[in-house]
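Take a look at the chain below. The walk-through then goes from helix to helix, with a stop at a strand.

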Amino acid sequence: MLKGNLSEVTEFILAGLTNKPELQLPLFLLFLAIYVVTVVGNLGMIILILLSSHLHTPMYYFLSSLSFIDLCQSTVIIPKMLMNFVTVKNIISYPECMTQLYFFIIFGIAECHMLAVMAYDRYVAICNPLLYNAVMSFQVCSSMIFGVYSIALIGATTHTICMLRVHFCKANVINHYFCDLFPLLELPCSDTFINEVVVLCFSVFNIFIPTLTIISSYIFIIASILRIKSTEGRSKAFSTCSSHISAVAIFFGSLAFMYLQPSSVSSMDQGKVSSVFYTIVVPMLNPLIYSLRNKDVKVALNKFFERKFFL
């Protein structure tokens, strides 16, 4: 048996989204456009929050972190995907595959927990507005951000170490467009029981706990909003949450469809479409959702362009 990663496979072949040659160029152009919009949108959101003093609040501090996560997540997936559209064989080396898996898991886990942190922030802002500045202080926000990335690093490191211990023999075709956990776990010729247990445990922690946090937060938020007597007050309170609700619904909906369905060839093919949403479409949509549905961001954007125009 080989030392190190115990693998005889030195490279993998990514099956990609489709094997139809006539679709390669249109898909290349489509995902290139999505990537450009994603980079411009998320980088623009980070810069806007950095330059606009009235956006220096916990809500936008977390939003800038979410934009950073989305920017990195799409950069881990899309550039390699674009290269595969214009090459004959979609080859990725073993080290490249493990590296892509590691960073994909980091930013995937980080997004789950960041959305939960943002839900908790909205809960405090609406249900305990008088205590908001004390509860969501700079130190607390920084600790939350640090906690999110720490959990992500621990999860990604554990998954990757477990993947490095399995033995890949002759099967090297990954039925996906990037190196994801489940498609990789279909290939080893050694026992993957430990990997499956780790995936189950971390899935419970990284999907169900953030989901429970978000649902609990919004139950209290909705109950608090319903106690507001004025229609204008209710509308204003709900408007601060609508963007986050939209982002959460798209992300966790596609994530659940991918990871909570029975594993089979057909479900994996359907899972490719689902994974396109949470790895590619969601990072593109988040800055659009938060800019188009958020009054503060629109005001900051208008002021930014007015300053540039007058200069």
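What follows is a short tour of a predicted model.

Start with helix α1, which covers residues 24-51. Its 28 residues reach 40 Å from the first C-alpha to the last. That is close to the 40 Å expected at 1.5 Å a residue. Part of α1 is buried: Gln24, Leu27, Phe31, Ile34, Tyr35, Thr38, Asn42, Met45, Leu48 and Ile49. Leu43 also lies in α1. With a relative accessibility of 39%, Leu43 falls between the 20% and 50% cut-offs, so it counts as partly exposed.

Next comes helix α2, residues 58-85. It has 28 residues. From first C-alpha to last, α2 reaches 40 Å, again close to the expected 40 Å. Where does α2 bend? The bend is at Thr75, and it amounts to about 30 degrees. A proline, Pro79, follows within four residues. Why is α2 described as largely enclosed by the rest of the structure? Because 23 of its 28 residues are buried.

Now turn to strand β2, residues 91-93. Ile91 is found in this strand. Its relative accessible area is 31%, so Ile91 is partly exposed. Which residues does Ile91 touch, leaving out those up to four places away in sequence? They are Glu11, Phe12, Ile13, Lys80 and Asn84. Two of these, Lys80 and Asn84, fall within the residue range of α2. Ile91 can also be placed against Ile250. The two are 159 residues apart in sequence, and their C-alpha atoms are 31 Å apart in space.

Move on to helix α7, which runs over residues 193-226. Ser224 is found there. Is Ser224 buried or exposed? At 11% relative accessibility, Ser224 is under the 20% cut-off, so it counts as buried. Setting aside neighbours within four places in sequence, Ser224 is in contact with Ile126 and Cys127.

The last stop is helix α8, residues 231-259. It holds another serine, Ser239. Here the relative accessible area is 36%, so Ser239 is partly exposed. How far is Ser239 from Thr157, C-alpha to C-alpha? The separation is 38 Å, and the two residues are 82 apart along the chain.

Technical notes
Residues numbered from 1 in each chain as written. Predicted model: local features only at pLDDT ≥ 70, side-chain atom pairs only at ≥ 80, totals over all residues. Heavy atoms only, no water. Helix = DSSP H or I, 4+ residues; strand = E, 2+ residues; numbered from the N terminus. Expected span 1.5 Å × (residues − 1). Bend = angle between axes of the 7 residues up to and from the residue. Buried < 20%, exposed > 50% of the residue type's maximum accessible area, 1.4 Å probe, protein only. Contact = heavy atoms within 4.5 Å.
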